[in-house]
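Take a look at the protein chain below. We will go from the whole chain to its sheet, and then to a few single residues.

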Amino acid sequence: MADDGVDRILEQWATERPELKTESMGVFGRIYRIARASGDAMTAAYGQFGITRADFDVLATLRRSGPPFALAPSALTASLMLTSGGLTGRIDRLERAGLVARSPAPTDRRGLLVTLTDRGREIVDDAVVAGLAAQDRMLAALAPARRRQLDDLLRELLGAVSAS
């Protein structure tokens with residue numbers, strides 16, 4: 001395997017502080033760099049459709065909810081791990097773009113529903129395909145069995161990190 005930028009950092013630490021065990025630095029340095037590169041790729045993929053990654057998250061959450069593709073803002077904030085203020089700005093932007101619509105909740109006069117419009121559904125359906133293609137390109141260097149192994153290892157690590 002070729003050295004990467006993280007290897008050079010670890011070598012420098014080994015020279016300057018040979019007593020340090022830097023294996024975790026290598027793992028998380030690579031996770032960080034992969035996250036940054038994948039974030040850039042997803043930004044480009046979604047940008048083709050005039051939406052941001054944050055926009056995609058809202059649209060995809062509504063799309064995954066199934067017909068009628070509508071959720072209360074509280075359900076969106078819980079799914080997206082946002083504050084209500086953070087969500088309001090996203091919904092405002094998506095509503096101005098004609099991708100979502102707000103309407104009164106039919107079962108609660110004080111409630112509100114955010115609904116994916118037909119245009120929003122078309123855009124998110126196209127964007128998810130473009131995003132998956134970008135992700136597949138990034139994983140192309142790994143054989144299918146190695147991808148599954150990586151997915152299993154990351155699931156295990158995420159579970160451990162989330163539990164602590």
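The protein chain holds seven helices and three strands. Keep in mind that this is a predicted model. Walk along the sequence and the elements come in the pattern α-α-α-β-α-α-β-β-α-α. How spread out is the chain? Its radius of gyration is 20 Å. The globule rule gives 15 Å for 164 residues, and 20 Å is well over that, so the chain is more spread out than a compact globule.

Next, the surface. The accessible surface of the protein chain comes to about 11100 Å². Carbon and sulfur atoms account for 58% of that area. Of the 164 residues, 26% count as buried. The chain has 22 positive and 21 negative charges, and their mean positions lie 4 Å apart.

Contacts can link parts of the chain that are separated in sequence. Take the contacts between residues at least 6 apart in sequence: 47% of them join residues at least 24 apart. Glycine 47 sits in helix H2. Its relative accessible area is 39%, which lies between the 20% limit for buried and the 50% limit for exposed, so glycine 47 is partly exposed.

Now find the sheet. Strands of a sheet pair through backbone hydrogen bonds, either parallel or antiparallel. Here three strands form an open sheet in the order S1-S3-S2, with antiparallel pairing. Which strands stand at the edges? They are strand S1 (70-71) and strand S2 (100-105). Each has a single partner strand, so one side of each is left without a neighbour in the sheet.

Strand S3 covers residues 108-116, and it pairs with S2 in the antiparallel sense over six bridges. A hairpin of two residues joins S2 to S3. You can trace the pairing residue by residue. Valine 100 stands opposite leucine 116 in S3. Arginine 102 stands opposite valine 114 in S3.

Start with threonine 22, in the loop between helix H1 (5-16) and helix H2 (23-47). Is threonine 22 buried or exposed? Its relative accessible area is 17%, under the 20% limit, so threonine 22 is buried. Setting aside residues up to four places away in sequence, threonine 22 touches Leu10 and Trp13.

The other is threonine 77. Its place is in helix H4, which runs over residues 73-80. Threonine 77 has a relative accessibility of 16%, again under 20%, so threonine 77 counts as buried. Which residues is threonine 77 in contact with, leaving aside its neighbours within four places in sequence? They are Leu82, Thr83, Ser84 and Leu87.

Conventions
Residues are numbered from 1 along each chain as its sequence is written. This is a predicted model: local features need pLDDT of at least 70, side-chain atom pairs count only at pLDDT 80 or more; totals for chains, interfaces and linings use all residues. Side-chain values use heavy atoms; hydrogens and water are left out. Helices (H or I, at least four residues) and strands (E, at least two) are DSSP runs, numbered from the N terminus. The radius of gyration is taken over C-alpha atoms; the globule rule is 2.2 Å times the number of residues to the power 0.38. Buried means under 20% relative accessible area, exposed over 50%, partly exposed in between (1.4 Å probe, protein chains only). Contact means heavy atoms within 4.5 Å. Accessible areas come from the Shrake-Rupley method with a 1.4 Å probe; for residues, only the protein chains shown count as cover. Lys and Arg count as positive and Asp and Glu as negative; His and the chain ends are not counted. The place of a charge is taken as NZ of Lys, CZ of Arg, CG of Asp or CD of Glu. Two strands pair if DSSP finds at least two bridges between them.
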